[in-house]
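Q: Could we go through this structure together, beginning with the overall picture and then turning to local details?

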Amino acid sequence: MKILMAASEAVPFAKTGGLADAVSALSLALSNLGHEVKIVLPRYYSISREKLQLLEGPLGVPMGRGEEWCAVYTAVLPGGTKKNPVNVYFIDHENFFGRDGIYGVPWEPDYLDNPRRFGFFSRSVFQLCRKIDWYPDILHAHDWPAAMVPVFLKFAERSGNFEKTASVLTVHNLGYQGIYGKDNYDYLNLWWDTFYNAGFEDGNMMNFLKAGLYSADKLNTVSPNYAQETRTQAHGFRLDGVLRYRSADYCGILNGIDDKVWNPKTDTLIPQTYSVQDISGKAKAKEVLQQTFNLPGNPDIPVIGMVTRLTEQKGVGELFGPTYGSAWSICRDLNLQFVLLGSGDPWCEQEIRSLSSRLSNFKGRIGYSEELSHLIEAGSDFFLMPSRYEPCGLNQMYSLAYGTLPIVRNTGGLTDTVENYNQDTGSGTGFIFDDLTPLAIYNTLGWAVWAYYNRRDHIEAMRIRAMKQNFSWKKSAQKYIDLYAGALNLIRGT
Ligand code: ADP
């Protein structure tokens, strides 16, 4: 199959979250299965042109009442094979993408011209195919910035070489939809009846993701449980009705993890590699973790780790809210050490700095560091994710692979990947709670710490079980192939 991925992020070129990991890893997994995969991304200012190769001639994209002109660069996605490489194409439009942020900057988190930037990007995908004379069977769009791809395909482009192309839209996070003023619509160069036919309408605004969800041939999100949850009012972010309407074409496929990067057997960012057969390197990682975070060296105290964006989605209000959150009482009452790496909402960063200065067993580091995130995954005993919602979540899968038991809320992909501890049988791979309340987090950490001190045999057995889980992309890529086949069947009736 020929597959073109359209996305706003892909590692190692541009990343703000799990989307970037998923796009590249899925592309590589599909190419390993023998499919021809290409990726198209905007060329952000942060992606140096020097490392890319310029395609000859400009690209004209019909937008507004005229054309936008851009250049196209290309590179090979690292990690693929020589025989079947994944080529990445970069749409280079200085005015739209020659700036610091991907979606915005701290003082303008959502650039005012984002509907134009990503509307243009989505339309450029078709012109790119014409330029390189390569027409995919599947156009696979990711999240709202690429959600116009299926819309353009259905309402403007499905003829000639795109006659038999089908579209798939993957929702990595339903919380971000791309909702903008209708005054941007003309720029998309679509008829006004399409505004209603494609489902752009959202109050008096236009909603990119909603139009994409109505227009794509097949839809999915990144875990089976999140696919169920998003059909309900509680988790549907007002699009649950659309998703119920599209139920027959909508499913959940769990993300995999990149086991070249996240594998304790080969990880070069941890002090000593380890495996199920010989787990001793984990104790070494704990020792180095305690040193790195200036905590007293003690192999017998449970270490709780956290690596996260500090935003409401991740449950940081319930944990770190200055009067409401439970982090203070957790660290005061329980005999544990707590390390955190993250960045995000200023109030939360401030609170974490304050807790670090007031509590001897809590150490928070504000910032982004791949290296520290590997050390925390390897050196901690437990990994906390009290998410409000979690489409898939990667960190709990990394934790399991490293024998670090996740403590998670019963939501989204966390439910699909973590098995709750049963203290009668000693089975499970982690600790799960239902309610997102400070008390529930407190109690569940208390439960894990209790098991650590009183049921050590259970903890050791859970570690081994966790490390034996298989979250390979190969398995998920097979499921995407089935989804693509379903989309093609709708278009071609084959
Ligand atoms: P989301 O995409 O919602 O942030 P995921 O769990 O799907 O959540 O993916 C987050 C990814 O970003 C993980 O790979 C995680 O380790 C990484 N990450 C988040 N914050 C940091 C940080 N401060 N330093 C290093 N890595 C981080």
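**Overall fold and local features**

A: Of the 494 residues of the chain, 60% count as buried. Please note that this is a predicted model.

Q: How many helices and strands does the chain have?
A: The chain has 18 helices and 19 strands. Its radius of gyration is 23 Å, close to the 23 Å that the globule rule gives for 494 residues, so the chain is as compact as a globular protein of that length.

Q: And what does the C-alpha trace span along its principal axes?
A: The span is about 70 × 50 × 45 Å.

Q: What share of the contacts join residues at least 24 apart?
A: Among contacts between residues at least 6 apart in sequence, the share is 71%.

Q: Next, helix packing. At what angle do α1 and α18 pack?
A: Helix α1 (residues 18-32) and helix α18 (residues 473-492) pack at about 80 degrees, and their axes are 9 Å apart. Since angles of 65 to 115 degrees count as roughly perpendicular, α1 and α18 are therefore described as roughly perpendicular to each other.

Q: Which residues meet there?
A: From α1 the residues are Ala22, Ala25, Leu26, Ala29 and Leu30, and they meet Trp473, Lys474, Ala477, Tyr480, Ile481 and Tyr484 of α18. By class, the contact of α1 with α18 has 10 nonpolar, no polar and one charged residues.

Q: Is helix α13 mostly covered or mostly open, and how many of its residues are buried?
A: Helix α13 (residues 370-379) is mostly covered, with eight of its 10 residues buried. The buried residues are Leu372, Ser373, His374, Leu375, Ile376, Glu377, Ala378 and Gly379.

Q: What covers them?
A: The cover of the buried residues of α13 includes the helices α9 (280-292) and α14 (395-401), together with the strands β14 (303-310), β15 (337-344), β16 (362-366) and β17 (382-385).

Q: Changing topic: how many disulfides are there?
A: The count comes to zero disulfides. For Cys251, the closest cysteine sulfur is in Cys392, 13 Å away, which is too far for a bond. Cys348 is likewise in no disulfide, and the nearest cysteine sulfur, that of Cys331, is 13 Å away.

Q: Are those two cysteines buried or exposed?
A: Cys251 counts as partly exposed, at 27% relative accessibility. Cys348 counts as buried, at 0%.

Q: Where does Leu169 lie, and what is it in contact with?
A: Leu169 lies in strand β8 (residues 166-171) and counts as buried, because its relative accessibility is 0% and the limit for buried is under 20%. Leaving aside its neighbours within four places in sequence, Leu169 is in contact with residues including Ala141, His142, Asp143, Leu209, Leu213 and Leu219.

Q: How far is Leu169 from Gly428?
A: Leu169 and Gly428 are 259 residues apart in sequence and 34 Å apart in space, C-alpha to C-alpha.

Q: What about Thr429: where is its place?
A: Thr429 is in the loop between α15 (412-417) and β19 (431-433). At 1% relative accessibility, Thr429 counts as buried. Beyond its neighbours within four places in sequence, the contacts of Thr429 are Leu400, Leu405, Pro406, Thr417, Val418, Glu419, Met462, Arg465, Ala466 and Gln469.

Q: Which peptide bond is cis?
A: The bond from Val11 to Pro12 is cis, with omega near 0 degrees. Pro12 is found in the loop between β1 (2-6) and α1.

Q: What phi does Asp143 have, and what about Asn294?
A: Asp143 has a positive phi of about 60 degrees although it is not a glycine. For Asn294, also not a glycine, phi is positive at about 55 degrees.

Q: Where are they placed, and are they buried or exposed?
A: Asp143 is in the loop between β7 (138-142) and α4 (148-157) and counts as buried at 10% relative accessibility. Asn294 is in the loop between α9 and β14 and is exposed, with a relative accessible area of 63%.

Note on methods. Residues are numbered from 1 along each chain as its sequence is written. This is a predicted model: local features need pLDDT of at least 70, side-chain atom pairs count only at pLDDT 80 or more; totals for chains, interfaces and linings use all residues. Side-chain values use heavy atoms; hydrogens and water are left out. A disulfide is a pair of cysteine sulfur atoms within 2.5 Å. Buried means under 20% relative accessible area, exposed over 50%, partly exposed in between (1.4 Å probe, protein chains only). Axes are lines fitted to C-alpha atoms, for helices over the stretch in contact, and angles run from 0 to 180 degrees between N-to-C directions. Helices (H or I, at least four residues) and strands (E, at least two) are DSSP runs, numbered from the N terminus. Angles under 35 degrees count as roughly parallel, over 145 as roughly antiparallel, 65 to 115 as roughly perpendicular and the rest as oblique. Contact means heavy atoms within 4.5 Å. Ala, Val, Leu, Ile, Met, Phe, Trp, Tyr, Cys and Pro count as nonpolar, Asp, Glu, Lys and Arg as charged, and the others, Gly among them, as polar. The radius of gyration is taken over C-alpha atoms; the globule rule is 2.2 Å times the number of residues to the power 0.38.
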